[in-house]
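Subject: Structure handover

Hello,

I am passing on the structure we spoke about. Please look it over first; my notes on what was found follow below.

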Amino acid sequence: MAWFRSLIQVSAAARSATKPRISDPFSYTLLSRFSSEPAPIHETPDPQPPTQYSGLGPTKPGEKPRVVVLGTGWAGCRLMKGLDTDIYDVVCVSPRNHMVFTPLLASTCVGTLEFRSVAEPIGRIQPAISREPGSYFFLSNCVGLDPDKHLVQCETVTDGAEPLKPWKFEISYDKLVIALGAKPTTFGIQGVEEHAIFLREVYHAQEIRRKLLLNLMLSDVPGVSEEEKSRLLHCVVVGGGPTGVEFSGELSDFIPERDVRQRYSHVKNYIHVTLIEANEILSSFDDRLRHYATKQLTKSGVRLVRGIVKDVKAQKIILNDGTEVPYGLLVWSTGVGPSPLVNSLPLSKAPGGRVGVDEWLRVPSVQDVYSIGDCSGFVESTGKPTLPALAQVAERQGKYLANLLNKIGKAGGGRANGAKEYKYEDPFVYKHLGSMATLGRYKALVDLRQSKDGKGLALAGFTSWFIWRSAYLTRVLSWRNRFYVAINWATTFVFGRDITRI
């Protein structure tokens, strides 16, 4: 075998001789960020460090005007879908690369739908972002705004056990659309941020699903006391709006059927759901529909409690009357309010802290800045009330503003400060199309009144449930996701929900 050992030595020597040398220590340092090996120490560092990427500068003559969109919610995505990319380059800045179809988000928490069924990639909503040389999507957060210089300051999103250092850059804009959405309201109650789970993003639904299934499995472990089983399997929902009621309805569907009753039969009698609301549930709905919802939820096993949460602990919440409510899963759904970033922007504000806009959704104190969605509200001088934080409001604002910007671009006003002489004609007018909410057990509410005190069609029961499903199936953005949703519904009906904890 001597000849074989000699052959190995010769091969090793050849590899050493032909191994490429890295002459640029900075390149090696960049590569070492993705390696577990430490970067070598060089005695002669590069005297000219490479120039960092500073961002996108102002558009030049011959280039298309640039519309920068902050956010990928209902408003921002509808705007990007409607923009004419033959007129504008589109740059989107957001910490998520997809839009969430929020009306069906509660269904993903219990396995009725899979998570990808409610997430639509930005590149599918506006293909120009992936195709056009001047259009981009940046996975980043907006951290500042300089409206006088037409600049947006951004910082990249990083995560993981050892995240890379955030990369800061600037983007010049010709038109800026602020569609940053809103954050859940906690009313300053201590412990909410630490112990409760919100329901606005896909990762919230994933966390709820993992927590729910974990508690089911932990309660089945030998030696767990009766009291601890009752606590682990007590799901508490705070907030009696559509989101809280729909999630409670999904839970009431999930628990009594074969999904839990058959597969966790040892602990099935310990599972219960409590919905806590300070006033009436579904306060924007017709009185008859509210009474029907109360009766149906109670019949499904949901305990309705009227009270105000005073404090949130790790395993219990305390109400204003001193009542202690132990829980294993706490979902917080009490409305939304302006985010810290929106509060910090140097722009005029509407009542409630939202970014103030006029009848054409312009921010009146600066040039070329617009705001839509949950983060915007009419300034007091317009005499218009603040619109509710609903998906249909945001979607229609996005559609209106896309058409308006297209008209401005065709009129030659797409450049920065180029719309000063543009004559704005039709202002934005919102007409409420109605509200819907599912209650579980093939029951739902459909309220088609244009206002709380107005007249209109109000339905409840199985027919409403069929209308609810049909309406939202047609509203899902892409045919791909419509197919996913339909297949998920059919699979759940035939085989039950997937209760695998992944």
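On confidence, the chain has a mean pLDDT of 87, with 87% of its residues at 70 or more. Residues 1-53 are the stretch to treat with care: pLDDT stays under 50 there, and the model has 17 contacts beyond four places in sequence for these residues. Where pLDDT is low, the predicted coordinates should not be read in detail.

For the chain overall, 48% of the 502 residues count as buried. The accessible surface is about 26,100 Å², and carbon and sulfur atoms account for 54% of that. Of the contacts between residues at least 6 apart in sequence, 65% join residues at least 24 apart.

Ser464 counts as buried because its relative accessibility is 0%, under the 20% cut-off. Beyond its neighbours within four places in sequence, Ser464 is in contact with Ala444, Leu445, Val446 and Leu459.

Leu473 has a relative accessible area of 24%, so it counts as partly exposed. Leaving out neighbours within four places in sequence, its contacts are Arg482, Val485, Ala486 and Trp489. The C-alpha atoms of Leu473 and Phe483 are 9.0 Å apart, with the two residues 10 apart along the chain.

Regards

Note on methods:
Residues are numbered from 1 along each chain as its sequence is written. This is a predicted model: local features need pLDDT of at least 70, side-chain atom pairs count only at pLDDT 80 or more; totals for chains, interfaces and linings use all residues. Side-chain values use heavy atoms; hydrogens and water are left out. pLDDT is the predictor's confidence in each residue, from 0 to 100. Contact means heavy atoms within 4.5 Å. Buried means under 20% relative accessible area, exposed over 50%, partly exposed in between (1.4 Å probe, protein chains only). Accessible areas come from the Shrake-Rupley method with a 1.4 Å probe; for residues, only the protein chains shown count as cover.
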